[in-house]
Amino acid sequence: MLGGVTSPTLRLLCLGIGCGAAASLAAERLALEVTAPGPEATTHLPLIEVQGGAGRGASAAWDLALVLDLSESTLHPSGLDLDGDGPAGRSDPALLARLVPSGFAGPGLARRLAEIDFEDTILAAELEAARALIERVAGPRLRTALIGFSDEARVLAPLGSPPAALEQALAELRIHLGEHLRGTHYAAAIETAHRLLVPDPEAASDGRRRAIVFLSDGAPSLPVFDGDRGKSAALLAAREAGLDGIQLFAFAFGDEGAAATQLLAQMAEWTEGRSARVAEPEQLVSALRELALVDVARVTIRNATTGAPARALRLFPDGSFDALVGLAEGSNVLRIEAFASDGSGVYVERTVERLPGSAGADEAARGRELLAKLKQRTAEMEAWAEVEQRRQQQRRSLSIQPERAP
């Protein structure tokens, strides 16, 4: 927990935003904007999409840099069977066949990975967590970039990359691992993200908010010349980023990540951001799926006329949301509610008239598009729920200690 927070309300706010930002946002009224459907909308379709944004501080657009630790220690086992293939599992042969033997660690990497199960490593958990966040950065006000770092930092996907391009960058990263897997240079990673988010002085005053989501399994080890293995350099880089209004949301994970907890907390505090210690690497997935850049705890949407809740409701880190709502014939009152972390709430209602008769060609095509969205989003949410259930079962099984024989 960051220092300087005494109010219970501010303490709650600090879970989702920076403590310094919390002080100013606490006085800001909870916002809720519904961009679709518009007032008094009409349709022949039995389904309609609801879109909008919510939360304190939810009015601004966001630029986000997701920074991944790719140092050598991330190839250590996570301690859990993340892919469910048992203790005898090994790396996927298809991955080994596609590995590019480039970079310092490239030669011999396939042989090393063949002796372990890559999908059970800390790095695999980190990449899965990154994918979980990427699926939540599709909001209209979010621009996202992907950066990987070890002894140096590289932009893997530029700012504004769509989710598909970010996913592709993660896939490419898997087969070019040999170009990383060395030391841990926090300062290089923060400086690279800083330059990407604020490429010139004018950008810092354009009204957009900026954040770095920083994942690491250990303390910095570079640069070695400053005498404290990169800690001072990391703090300086964080301070410079904070001066340009960039918040740091840092996550330390794994056994070695404990050594970085205090440093990351100080770095986050200097940027009015947040840091968290994630005990198990696989819990990163849940942590990033729940990441909030603004103070909105939850959004609910229902058809007040029929009483049916919305389907496939998604809430994005910047407070953007979307959902699909079924319509009855005639007038439908849709109620959209948003709640902040202190329990306060606000609502908006939209009336949608479902008209009798058949839809025209354009509207029918829109109906097919909505059904495809519903099917895809439902499948994605069910898949994530299944993964989370399996992980919870694994955690429960690991917590049961065998009895000693008498």
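A charge is said to sit over a ring if NZ of Lys or CZ of Arg is within 6 Å of the ring centre and within 35 degrees of the ring normal. With that criterion in mind, select R182 and F104: the charged end of R182 sits over the ring of F104, 4.1 Å from its centre. Then select R335 and Y347, where R335 lies over the face of Y347 at 3.6 Å from the ring centre.

This is a predicted model, in which local features need pLDDT of at least 70 and side-chain atom pairs count only at pLDDT 80 or more, while totals for chains, interfaces and linings use all residues. Residues are numbered from 1 along each chain as its sequence is written, and side-chain values use heavy atoms, with hydrogens and water left out.

**Aromatic pairs**

Rings of Phe, Tyr and Trp (its six-membered ring) pair if their centres lie within 6.5 Å; planes under 30 degrees apart count as stacked, over 60 as edge-to-face and the rest as tilted. The whole structure holds 3 aromatic pairs. Select F149 and Y186: the ring centres are 6.2 Å apart and the planes are at 80 degrees, so this pair is edge-to-face. F149 lies in strand β5 (residues 142-149) and Y186 in helix α7 (residues 186-197), so the pair ties together parts that are 37 residues apart in sequence. Helices (H or I, at least four residues) and strands (E, at least two) are DSSP runs, numbered from the N terminus.

F149, Y186 and F214 form one aromatic cluster. F149 is buried (under 20% relative accessible area; exposed is over 50%, partly exposed in between; 1.4 Å probe, protein chains only), with a value of 0%. Y186 is also buried, at 0%.

**Helix α5**

Next, select residues 122-134, helix α5. In α5, 12 of the 13 residues are buried, so the helix is largely enclosed by the rest of the structure.

Within α5, A125 is buried, with a relative accessible area of 3%.

Finish at E128, which is buried at 18%.
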